[in-house]
Amino acid sequence: MISLKEALKLSADEISALRAELKDKILKTKELGAYVEQLTGEALNVSGEGVPIAIKDNIQVKNWNVTSASKILQGYVAPYDATVIKKLRERGLAPFGRTNMDEFAMGSTTESSFYGKTLNPTDHSRVPGGSSGGSAAAVAANIAVAALGSDTGGSIRQPAAFCGCVGFKPSYGRVSRYGLAAYSSSLDQIGPITRSVEDAAILYDIIAGRDEMDSTSYAGAYESTADKLNADRKLKIAVIKNYIDEASQQVKEALSLSIEKLKSFGHEIVYRDLCSSKYDIATYYIIATAEASANLSRYDGVRYGNRAKALNLKELYANTRGEGFGDEVKRRMLLGTFVLSSGYYDAYYIKAQKARAFIKSEYEEILKDADLIFMPIAPGVAYKFGELSDPLRAYLSDIYTIGVNLAGLPAISVPVAKNKEALNISAQLIGRAYDEQTVLDGGLSLEKIVKG
């Protein structure tokens, strides 16, 4: 499949041919389920005539049925374009197909989708990761030039790692959230999934920038990154030793080899520890579910999507939500409502906010003395469907990614190895807030070293 960099140089006729080629490939990979249309048999959503970019099903595209992979939003038609979609159009790109996802971005396997699961292109018996599993699978299977996903606790980086792609989560506020269906508003961030670090930088440059429609949008200076990429830049990289020690043996070996290669290339390696990741997990799930319970209260059968039969307003709310939300969404909404309730707010939510400040300070302290932080994306490789049927065990698969969202930092997932079963292993590089350039430079250097 052509790279995004190459696609942006194509003529109008060549772009039309590329779009036709993609449609044909998508039809031939129906079993993968990367696109919602593959799972429903609908005609592929196409909007505009530019370079085709796959769009996660929680980003508004005008006149598309955008559903966040939920039953409750069936029939809803987006009345406007998200800011990132407007930016794509302005630069000669166009939204092309809705990619499958965990319902309302709540999950790490893409199994909780109303439409059915997406398969990992490397091994169809294994999960593609989540919640942006459809976007990562489409890029990895060469049925997308590039894709947009959203990352609340690792939902770009983890599926990119499981599928062998590059996944880039910008600093919180660097990319407008206007038009992104909210899960946890203080954590959500849109970002690119691509086949190379350079393509990630190109797509990031297109969608980034201040937006008056998003009150959390970063107001500071913005500079492009793709034209300044430097794989030969020598950096000081802090390896989080306790996180690597906790990972599976195959992940530990692959990352240790990558560290040695970085050192041989001239990067300075230092070793640091972070506080136990169990605190990240507890903090994340309290804050994220609390915000989700507030954000998802708007889906009541009155304003959006499906409306259940009811005799009164109370019944309408209860029936619509009971029928429309899946089990995982209900579970997180109940937890969020509980931690915000009278008598528990101080005991849980306020403590979680204090813990968040501590976690952020830990990252910042390490980054005072280092350019980047190096750690795993996940404890192991992509696991088989049904292997983590216990929700609490599934939550633990996010242990290395959620701290980045709590701290609002930029991070990138770069493939570094394959195990004996040809399953992908990736490393994560994390930088200072709003220093995307260093993260992308480090990612490009790691990519160059690995490809050797």
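**Figure 1. Aromatic pairing in the predicted model.** The whole structure contains 14 aromatic pairs, defined for rings of Phe, Tyr and Trp (its six-membered ring) with centres within 6.5 Å; planes under 30 degrees apart count as stacked, over 60 as edge-to-face and the rest as tilted. Phenylalanine 162 and tyrosine 383 form an edge-to-face pair, at 6.0 Å centre to centre and 85° between the planes. This pair links distant parts of the chain, 221 residues apart. Phenylalanine 162 is buried at 3% relative accessible area, and tyrosine 383 is buried at 8% (buried is under 20% relative accessible area, exposed over 50%, partly exposed in between; 1.4 Å probe, protein chains only). This is a predicted model, in which local features need pLDDT of at least 70 and side-chain atom pairs count only at pLDDT 80 or more, whereas totals for chains, interfaces and linings use all residues. Residues are numbered from 1 along each chain as its sequence is written, and side-chain values use heavy atoms, leaving out hydrogens and water.

**Figure 2. Pairing of tyrosine 204 with tyrosine 222.** The two rings are arranged edge-to-face, 6.1 Å centre to centre, with 70° between the planes. Tyrosine 204 is buried, with a relative accessible area of 1%, whereas tyrosine 222 is partly exposed at 30%.

**Figure 3. An aromatic cluster.** Phe104, Tyr299 and Phe325 together make up one aromatic cluster.

Methods. Helices (H or I, at least four residues) and strands (E, at least two) are DSSP runs, numbered from the N terminus.
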